Amino acid sequence: METTHEVFNQPAPLADYNLFETNRPLRDALKFNAPQLQVAPLQELGVTVGSAEMQTHARLANIHTPELHTHDRFGRRIDEVEFHLSYHVLMSAAVGAGLHGTPWAGASASPHVLRAAGFMLFTELEPSMLCPISMSYAVTPALRSNAAVYADWGPKLTSLWYDPALKSFKDKPGVTMGMGMTEKQGGSDVRANTTQAVRDGSDAWGERYAITGHKWFFSAPMCDAFLVLAQARAGLSCFFLPRVLPDGTRNAIHIQRLKDKLGNKANASSEVEFHGASAWLVGEEGRGIPQILEMGTMTRLDCALGTSGLMRQALSIAINHASQRNAFGKPLIEQPLMKNVLADLALESEASTALAIRLARAFDHPDDEHERLMARLLTPVAKFWICKRGSHFAQEAMECLGGNGYVEEGGEGIMARVYREMPLNSIWEGAGNIMALDLLRGLRKGDAVAALTKELAPARGQHAALDRLADALPARIEAMASEVEARRLAQDVALAVQASLLAQTAPPAVVGAFCASRLGGDWGNAFGTLGAGTDFDSIIQRAQPR
C-alpha cells in the first residue's frame, strides 16, 4: 500500500498573518499610553514578522547555531563567530525596524513606546537574536558620558543599516554594541570583579586604558563594541571597548568558548579574556556601578517586553491549535476545561502587555517627576513579575497542544523554542531576588507611596478587590523594613498596577475575571482555575490571533 491513512484533524500552522493587527490588547495599550502614536510602522512590521518566510529564517537561525573560530587556517588569532545567513536576515529586519538605538534620536512621538511595541512583535518571531538589539538600545544613552566616542558612534547606533562585517566603524553604515559585566566569581555582584584597567595615555577619545581580565558572560561577541566594567585606581569603572581599533587592527579580545545554553540558541553568548585590550573611560573613574544601573534599567524593560511577546506568541499558537483540533466530538476550544485554560492564559498575557507598555511610556517622559518615579518602581516590578510568570505560562500553553507542542518541528514547533526561551528573561539582568532588592531601593527614591497612589487612582471603584489591595499597599510600603517579604511586595505592586491598567483599557469581562482571580482569591494554584461565572468566550475571542 502506498498510503496507509489520510491525515486529518491536524491544525494548519499559524503563519502569514499580521501580528499587530490581530493583537487587540497591544493596540489598546498603545491607544492608552501613546494616543498620538502613528502605528503604520507597526502594521508593516506585523506583516513581516508574521510571515512564513521569516518564520523559516527564525527556525534556521536556531537550528544552525553560531560557530566559534578562534584561529584561521594559517594559525592567526581571529576570534570570529560565524552565523547562519538567516541570523543576518533577522538582524537586518530588527535594525531596519528601529528596535535598537533609534528611540534616542527622538525622531517620532513616543519613540520608546513605539520601539517597545515593535520589540514585542519581533520577539514573537525570534527572541534570541534580539540580545544585541537590546544591548545597543541600553548602551546608547550611557555612551554620552564620553562625548568624543558618542560623536563618532552615536549616529551609527541609530542607523537603520545592519552590517555584520568585522571592520572599522568608519567603514560601516551602522553598528551594534554589547555589554560585558559579570565574571566567574561574582555574577550579579559586579563589585567582586577583578578585571584590571591600567591607564595607557589619552587620544581623541579621551583617557585610554589597557584592560586585562575576563568576562564570564559576554553575549553577542560579534558586536562592534562593548561597554565593560573593570577596576581602575579609583574603583570599578565603565569603559568603551571596540572590537576593531581606530587604526584598523583587532583589539585583544580573545573568545574562549561559546556557552551551550538551554535556549537562546541563535544568539552567541561567550566567555572572553582581555589581554591588554584598549578601552576608553566612559564617565568618571570609580562610577561604574551607576553607569551599569542606568544600562540595566533599559535591558530590564526589554526582559518584561520580551516575556510579554513570548506569552502572546504561545497563547496565539494554543488558540490556533484549539480552534482547529477536534476532541471528544467537538473542537477543543469549545471544551469547558480548555476554555478555562485559554481564558486564564489570555488574562495573563493581556495584563503583562499592559504593564510592559506602561513602563515603556515612563521612558518617553524623563522630565515628568511622576513618570520618573514610576520608571524607577515599575522596572524591577515588571521584570520580576512578568518574567516569573513566563515559564509557567509557556508550559501550560504547550500542554494545550499535547505532544505536538513538545516536538521541535513544523509550525507548532515554535512552542518548544518559546518554552526554552522563557527562563532566560527571568535570569538575565538580575534574577528575582535582585529585582526585589532593587524595588526596596526604589522605594527610598522620592515619594513612592504618593506616586503609586496616583497611579492607581483612576481605577478606584472599578472592583472591590483592587480597592482593598490599593488601600493596603501604602502601609505595607512604609513598614517594609525586612528583605524577606520583598518578593511578595513586588508581586502585589505588579498585580495592583496590572489591574488598574486593565480597568482603564480592557472590556469588563477581562477586568472582572482578572481582579476576581488574581486579587480576589477566586482562583486555584494553576492556570485554568477561573471561577465558573467567568465570561470565557468574550475573553478568548478578544485574544484570537486570526
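Is G201 buried, partly exposed or exposed? The first legend gives the answer. The structure is a predicted model, in which local features need pLDDT of at least 70 and side-chain atom pairs count only at pLDDT 80 or more, whereas totals for chains, interfaces and linings use all residues. Residues are numbered from 1 along each chain as its sequence is written, and side-chain values use heavy atoms, with hydrogens and water left out.

Figure 1. Strands (E, at least two residues) and helices (H or I, at least four) are DSSP runs, numbered from the N terminus. G201 counts as partly exposed, at 27% relative accessibility; buried means under 20% relative accessible area, exposed over 50%, and partly exposed in between (1.4 Å probe, protein chains only). Neighbours within four places in sequence aside, G201 is in contact with G206, E207 and R208, where contact means heavy atoms within 4.5 Å. From C-alpha to C-alpha, G201 and W280 are 9.9 Å apart in space, and 79 residues separate them in sequence.

**Figure 2. H321 in helix α8.** With a relative accessible area of 2%, H321 is buried. Not counting residues up to four places away in sequence, H321 touches P11, L332, C400, L401, N404 and E412.

**Figure 3. The cysteines C303 and C387.** The sulfur of C303 has its closest cysteine sulfur in C387, 5.2 Å away, which is too far for a bond. A disulfide is a pair of cysteine sulfur atoms within 2.5 Å, and a search of the whole structure finds zero disulfides. C303 is buried, at 0% relative accessibility.

**Figure 4. Helix α12 (residues 432–443) and its packing partners.** The twelve residues of α12 should span 16 Å at 1.5 Å a residue, and the end C-alpha atoms are 17 Å apart, which agrees; the expected span is 1.5 Å times one less than the number of residues. The residues G432, M435, A436, D438, L439, L440, G442 and L443 of α12 are buried. These buried residues pack against α8 (288–324), α10 (369–400), α11 (414–427), α13, α14 (464–479) and α15.

**Figure 5. Packing of helix α13 (residues 448–456) with helix α15 (residues 486–505).** The two helices pack at an angle of about 30 degrees, with axes 9 Å apart; axes are lines fitted to C-alpha atoms over the stretch in contact, and angles run from 0 to 180 degrees between N-to-C directions. L452, E455 and L456 of α13 meet V493, A496, V497 and S500 of α15.
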